Amino acid sequence: MSLHLSTVILPYRRWNEGGRTAWTRAEQLGFRTAYTYDHLSWRSFRDGPWFGAVPTLTAAAAATERLRLGTLVTSPNFRHPVTLAKELISLDDISGGRVTLGIGAGGSGFDATALGQDPWTPRERADRFAEFVPLLDRLLSEDAVSYKGDFYSAHEARNIPGCVQRPRLPFAVAATGPRGMRLAARYGQAWVTTGDPKLYENGTPEQSIQAMRGQTEKLADTCAEVGRDMTGLDRVLLSGFTPDRTGPLQSLDAFVDFAGRHAELGFTELVIHWPIPDSPFAADEKVFEQIAMEAPAQLR
């Protein structure tokens, strides 16, 4: 099984000051998909420029022709399924059916309190996510939806003509816990992980591999429980959050070794961050482009 290579472009540059160039270059380099974060602000970038995911992806859709586009990830922290569905259907139409929705339960960062609410507990995030995903699935698949749940409601919400991609655009569900994995198995066209966050600071690459092996085994068990054929579920690793950090981007050989070890775990797509100077994602752009152009042939 070949391993597809994708990138994630953070929305920190003005469109006419390098923003557009990154997306068009991603297409030229042959990446399968270019994603962006769907946050209101994020970690060390909080006090600098940061633009919205959906407008950025809309502009990228107009600037490219073949490149798939997506979020890694959208969450309920500041999104409502009804309004999000309308934006996604519009984006899918503008792109000609090139959108993937990366979606997760969200965390306790800046997004969690930006609307003035107290941050949700992990249990409440999981509860909301368990309601958010099925409702969004319906909103993107049906012409009219009415629903009243514990957290979200829809009253005769119309979404005509629906997605270009049928029955709806694909979901890439980020999850490591049992409830999230069940959502990935039931509703996802892909499953996403960043590895085990507990290992980021003091773990080893070997421990990270073992942790992800455990995650993929749990996913397989979950698919079996819900009657899902796991071979039809893509497995996506968003890199940069394992103990290796940016080490795999230091050279083509280092990357091929890193990617190969994860392909052996069953991953079908590997996402690397577009280099950002003076950030956790700093990397040599020439090496990054060499990886984009030459690594895929070595990973088939």
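Author: Two strands pair if DSSP finds at least two bridges between them. Helices (H or I, at least four residues) and strands (E, at least two) are DSSP runs, numbered from the N terminus. This is a predicted model in which local features need pLDDT of at least 70, side-chain atom pairs count only at pLDDT 80 or more, and totals for chains, interfaces and linings use all residues. Residues are numbered from 1 along each chain as its sequence is written, and side-chain values use heavy atoms, with hydrogens and water left out.

Reader: Thanks! In which sense do strand β8 and β9 pair?

Author: Let's look at both strands. Strand β8 covers residues 190-193, and β9 covers residues 234-238. Ala-190 stands opposite Asp-234 in β9. Over four bridges, the sense of the β8 and β9 pairing is parallel.

Reader: What is the handedness of the crossover from β8 to β9?

Author: On the way from β8 to β9, the chain passes through helix α6 (residues 205-226). A crossover is right-handed if, with the strands pointing away from the viewer, the path from the first strand over the helix to the second runs clockwise. This β-α-β crossover is right-handed.

Reader: And which residue in β10 is the bridge partner of Leu-238?

Author: Strand β10 (residues 269-273) pairs with β9 in the parallel sense over three bridges. Within β10, the partner of Leu-238 is Val-271.

Reader: Is Val-133 buried or exposed?

Author: Val-133 sits in helix α4 (residues 122-141). Leaving aside neighbours within four places in sequence, Val-133 is in contact (heavy atoms within 4.5 Å) with Ile-103, Phe-171, Leu-183 and Tyr-187. Because its relative accessibility is 0%, Val-133 counts as buried.

Reader: Where is Arg-43, and is it buried or exposed?

Author: Arg-43 lies in the loop between β2 (33-36) and α2 (53-63). Its phi is near 40 degrees, a positive value in a residue other than glycine. With a relative accessible area of 54%, Arg-43 is exposed.

Reader: One last thing: what is omega for the cis peptide bond that joins Ile-160 and Pro-161?

Author: Pro-161 is placed in the loop between β6 (153-158) and β7 (171-174). For the cis bond joining Ile-160 to Pro-161, omega is about 15 degrees.

Notes:
Buried < 20%, exposed > 50% of the residue type's maximum accessible area, 1.4 Å probe, protein only.
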